[in-house]
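Reader: I have a structure open and want to learn to read its local features. Where do we begin?

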Amino acid sequence: MELIIIRHAVAEEREDFKKKGLEDHLRPLTLKGRKKMQKVCVKMRDYVKEIDLIVSSPLTRARQTAEIVSQIYFETKVVEAPELVPHSPPQAFVKWLRTQAKNYRRIAIIGHEPHLSSFASYMLSGKTESFIDLKKSGVIGLEMESFTHAEAGGAQLLYYIPPKFLVD
């Protein structure tokens with residue numbers, strides 16, 4: 001089974017958005033962020049031909065990124081998982097995988113830092129201290145024997161691709 005971890009694209013600046021009096025969870029992608037994510041996805045399709053399911057954090061910027069990935073991947077279904085919000089413990093999404101992912105072979109998840117790098121580190125080493133620096137629009141591919149038996153330290157790194165390597 002393959003788990004593709006994607007950090008959301010560039011969003012509006014936190015401080016600028018806060019000045020509008022709006023909550024951070026509503027912060028949207030910038031036009032530049034959208035365009036970059038589209039390029040990343042188009043290039044990514046050269047390596048990852050299909051995705052069975054896209055799982056997104058419910059925050060606006062992640063959901064918008066998931067919609068871009070879905071469009072490039074032939075309208076792949078997108079579901080939301082609160083287990084992907086920032087500062088969620090990695091164990092929460094492992095539980096989600098075990099219970100919700102049994103019918104899928106390749107899943108893409110879209111979320112935030114520091115959660116995604118901590119989650120990837122947890123799946124690779126069993127430790128929640130991150131040793132990965134996942135840039136916005138960056139992609140990590142993990143392989144595991146089974147989503148239903150996902151466990152800390154049970155994944156292998158397939159690839160780590162910073163966005164600069166996917167965008168011309």
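Author: First, a caution: this is a predicted model. Let us start with a loop. Between strand E4 (106-111) and helix H5 (115-125) sits proline 114.

Reader: What is the peptide bond from glutamate 113 to proline 114, cis or trans?

Author: Start with the general idea. Most peptide bonds are trans, and most residues other than glycine have a negative phi. Now the case here. The bond joining glutamate 113 to proline 114 is cis, and its omega is near 10 degrees.

Reader: Is histidine 87 buried or exposed?

Author: Use the cut-off: over 50% relative accessible area counts as exposed. Histidine 87 has 66%, so it is exposed.

Reader: Where is serine 137, and what is its phi?

Author: Serine 137 lies in the loop between H5 and strand E5 (139-143). Its phi is also a positive value, near 70 degrees.

Reader: And is serine 137 buried or exposed?

Author: Under 20% counts as buried. The relative accessible area of serine 137 is 1%, so this residue is buried.

Reader: Now a helix. How do I check the length of H2?

Author: Count residues, then compare spans. H2 covers residues 31-44. At 1.5 Å a residue, its 14 residues should span 20 Å. The C-alpha atoms at its ends are 20 Å apart, which agrees.

Reader: Which residues of H2 are buried?

Author: Gly33, Met37, Val40, Cys41 and Met44 are the buried ones. Look down the helix axis. These residues fall within an arc of 95 degrees, so they line one face of H2.

Reader: What do the buried residues of H2 pack against?

Author: Their partners are strand E1 (2-7), helix H3 (60-72) and E5.

Reader: What does the face turned away from the buried side carry?

Author: That face of H2 carries Leu31 and Lys32, which are exposed.

Note on methods. Residues numbered from 1 in each chain as written. Predicted model: local features only at pLDDT ≥ 70, side-chain atom pairs only at ≥ 80, totals over all residues. Heavy atoms only, no water. Helix = DSSP H or I, 4+ residues; strand = E, 2+ residues; numbered from the N terminus. Buried < 20%, exposed > 50% of the residue type's maximum accessible area, 1.4 Å probe, protein only. Expected span 1.5 Å × (residues − 1). Arc of directions from axis to C-beta. Contact = heavy atoms within 4.5 Å.
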